[in-house]
Each structure stands twice: as structure tokens, then as C-alpha cells.
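Here are some notes for a colleague who is looking at this structure for the first time. Please read them with the sequence and the model open.

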Amino acid sequence: MTDNEKKLHEQAYEEVEKKRHIDKIDPYRQIFHVMPPTGLLNDPNGWIKWKGTYHLFYQWYPYDTTHGSKYWGHYSSKDLVTWKEEPIALAPSEWYEKNGCYSGSAVDNNGVLTLIYTGNVKDEEDRRDSYQCVATSTDGTHFTKLGPVIESLPDGYTAHFRDPKVWKQGELWYMVLGAQTVEEKGRVVLYTSKNLTDWEFKGAIAGAGIGGITDFGYMWECPDLFSLDSKDVLIISPQGLEQEGIHYQNKFQAGYFIGEVNLDNAIFHHGDFAELDHGFEFYAPQTTVDENGRRLLTAWMGVPEQDEETQPTVTNGWLHCLTIPRELHIHEGRLWQTPVKELQKLRHDHESITQTLSTSDLLTFGDLAETAMEFVLTGLEEIKGIFEWTFRNEARLIFNAASHMLTLERRNTRTHLTEQRHVRIDSLKRLHVFMDASSLEIFINGGEAVMSARYFPSPKDKSLTMRADEQVMISLDKWVLS
Ligand code: FRU
């Protein structure tokens, strides 16, 4: 470690240690989600199962809840359920990353854990440079920086050129990068390498001017390209899409294309873009594959420039968390997401309730035992009118069987007005909800759609209520999670 790195690590920990007590005083600290010890978290980075342990890094600004010069924070886990805080992996100590060790990925290079990330540099006039950089570790904890491996931009691109996702196929390493053309349009470009050090630019595989897309946002961030269930999937986080009805309701989106890629020719034939999540907070997802071939996804449960000041955790000096890990599959041409089965380890105090809901009753399930709970609700095919499920008087799910619309509503903590997100569901059968101290993740019909949101209920309010405007019999399984 260089002296400067050492200094940055020590300074960050001085700050973190001052604020450790927030775990005891902040009712919104999560029970089973990855969150920063203090400061701001954004994208998941470098997710990998390496030598039997999952390593999950994240974009981190340890000092404040703003987007300052980013570090890579680091957690490890044997089971995707219990996470151990590891020392800082990367701090912005060198000239080529002085304004942030930006997002990237991890690979196993003959037993060496190798991180590939973007060094972000800005000058006094706020002009940007981007360098794709490498750091390696033999113990999974301490990283040695090797510096930039891609220093210049291909013709036609701006310095918004970042977030390398690297993988190996056959003898070659491949990298996709999020990019912006000089006309300020989003794209994904492809590089190859024999050794992770010398990289060859192969061209753009998707985005403006390619495969029928003319204009789809001014920048595509955090690409991820992988094979799944005999297809190829490209995940991106495009910026600059306008809202279209119930689509693209957040400030920025995250979604995917399914198709077939030819890596030799850098060609990706794909279908339409689809959003990955229909809630309020979800961005910059990253996937990894485990030794059993499961394709796993986690995302930042937040969105850039969206309501940061409305999240009350800033008062206690921390902001944002990641989603629970989800397993991906393709079904009927769409990506389905299901919570990883390891999360069942958290379950205890199981209760099963079967009950008829009718017009006037508000079915109250009494006090929730804990703020971290899991629910599986079935019997919903019988809903004819409107069904509502309210969580701690702060968020509400509403299904309108006539319009096939599922709506998630919550109170905006700044304006106190309700805000809504929607998804169309042909037939609602099952709702699977993961509730943590300040988040809800709602999996619909076994993974057909997901709605993720942070919410900030009054710590005293432990209520859970349901109502339907026509009689319906529902079954609810619930567990306390800890
Ligand atoms: C996405 C993103 C990335 C960038 C990182 C910086 O949220 O903007 O493109 O690498 O965050 O923290």
C-alpha cells in the first residue's frame, strides 16, 4: 500500500468509527440488507464467488451522504445472508482515479482476484478523464493497484466511458463498457484481451445508431452481458429516457435486452428494452455467476439524483443500501427474478393465516412481530375488484383486477404527498414480500415482476392491514427474519 493509500484508509476509518453508534439509534438501519457502515453507498461492484466466498464491493463515499470521490467498500459472505465487513478495497489515492474509483467488476485470473474499475479524474474546469484500471489481490482482502490498462478513448466517444464488466470465454477476456457518443447518446462498447492488460477495441454492440436504436438516452451506465437459459442478456442503466405512461417513472432506469451476441464480430441482435424493476428505487444492477451456474443479481436500492434529501437516514450520516440477491431466469421472453433460496435461513416464527376479506373489513394482522419480515400471500386469482395491502401505514400495494394494474404507493417524506409506481399484471396470483426496517421488495407471481422501494414508517407503527371490495379468501404465510 502506498503512503497516500494508507492515509486515505486511516482517515476514512476515523470518520466511520465516529459514527458507528448509528446502528443503535437509527430505526432505519436494515437487518438483512447490505448497507454502508456510514456515508453513501451506490452501485454494487466486483461481485464474485472467489475461492468459496462471495465478495461484494460497492461504490462508497465514507465521509458524507453526497456523491464525493468514491471508494470501493467491501463485504464478504459464505452464504449471501451473513455479510462480513472487510477493509476498504480501493481508495482514490492515485492521479488516474483521484476523483473516484468508479464502478467495475471482478474476475478470477488463475487464482488472483482481479478488480477492473474506472478511474475518474476531473480538472479545475470540471473536464473529465476516464481510465480503465486494474487492481489485484491474492488474499481477497488487500489489493495492489496496477494502474490504467485503457487510457485513451476510441474515436467518437466522450469521457463518459466507464463501468467495465469483464468475463472470460474460451481463451479470451471480454469487457463491456458504458459509453456516450460525441453526439451525447448512450451505447455499450466491447473490448477483448488475452491477458487483462492489453485491450483491443472491437466496437459498439448496442445503443444509438445500432440495431434499430436511434436515440435511447444520453448515457448508458453499468452494462452487464451474459448468457442465460440459451439466450444472451445485456443489462444497462440508461440515463435520459422520458416517462412513457407507466414506464420509466424514475429519474433513471435499469433494464435489459434479450438476444444473441456474436462476440467475434461485436454484433448483438436483440429485442426491446424492458425494465428490471417497477418500484421507486433500483439502479446499476450487477450480476455474477456462482459455481452451480446460478446467475445472481443485486442492485443499488436507490437512483441517482432522485429524492436523496427525502431519505431521513441522511440525518444520521448514512444513505442507501443494496437489494437482496436475486436469481435470474428467462421465462416467456422476459427476465424473472426470485429471491435466492439462502434467504430462507433468516426465517423463524412461521405463522399461516387463511382468511376471508370483504368489503368493509379492514383485516388487521395485529402488530408485526418485527420490522424485518417475509410474507407470501396467495389466493389472489379470486380478486374481482380492488385489493389493498398497507404496510405500517406508510406504503400500500393496490391491485385493480379490472385494469390489471398493480400500484405501489408511499408517502414522500419531504412533501408528505403520496407517490405511485405501477406495473401491469395479467393475472395476480402470488405476492412475495421482503420487508426490512426501511425497504420493501415485492416479487409478483414468482418473479414475473418486482417492485423495490425504500420506505420510512414511524418506528412505533407495526400495523399490517388488508382489504378487498369484494369477498375473497386469501392465505398468508409470514416469518420474522433475523
Ligand atoms: C452509476 C454510476 C456509474 C459510476 C458510479 C460512480 O450509478 O454513475 O456510472 O461508475 O456510479 O459512483
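Which residues have the most contacts inside the largest nonpolar core?

1. The model is a predicted one. Its largest nonpolar core has 80 residues, and those with the most contacts inside this core are Leu90, Met175, Val188, Leu234 and Ala299. Strand β10, residues 172-181, gives the most to the core, with 6 residues. In soluble globular proteins, nonpolar side chains tend to be buried together.

2. Ala299 can be followed through its contacts. Neighbours within four places in sequence being left aside, Ala299 is in contact with Pro44, Ala254, Leu322 and Thr323, and also with Phe282, Tyr283, Ala284 and Pro285. Another core, of 43 residues, lies apart from the largest one; Phe280, Leu357, Met373 and Ile444 are among its residues.

3. The protein chain is divided into two parts: domain 1 covers 3-341, and domain 2 covers 342-481. Taken over C-alpha atoms, the centres of domain 1 and domain 2 are separated by 30 Å. Contact between the two involves 32 residues of domain 1 and 34 residues of domain 2. On the side of domain 1 that touches domain 2, the residues comprise 16 nonpolar, 10 polar and 6 charged.

4. Helix α1 takes in residues 3-19. At 1.5 Å a residue, its 17 residues should span 24 Å, and the end C-alpha atoms are 25 Å apart, which agrees. Leu8, Ala12 and Val16 are the buried residues of α1. Seen down the axis of α1, these buried residues fall within an arc of 70°, so they line one face of the helix. An α-helix has 3.6 residues a turn, so residues three or four places apart point the same way.

5. Asp272 is found in the loop between β16 (267-270) and β17 (274-275). Is Asp272 buried or exposed? Asp272 counts as exposed, because it has 11 C-beta neighbours inside 10 Å, and a residue with 12 or fewer is classed that way. Asp272 and Tyr256 are 16 residues apart in sequence, and their C-alpha atoms are 8.2 Å apart in space.

Notes. Residues numbered from 1 in each chain as written. Helix = DSSP H or I, 4+ residues; strand = E, 2+ residues; numbered from the N terminus. Expected span 1.5 Å × (residues − 1). Buried ≥ 20, exposed ≤ 12 C-beta atoms within 10 Å, placed from the backbone. Arc of directions from axis to C-beta. Domains from an automatic or database assignment. Contact = placed C-beta atoms within 7 Å. Nonpolar A, V, L, I, M, F, W, Y, C, P; charged D, E, K, R; others polar. Core = buried A, V, L, I, M, F, W, Y, C linked by C-beta atoms within 7 Å.
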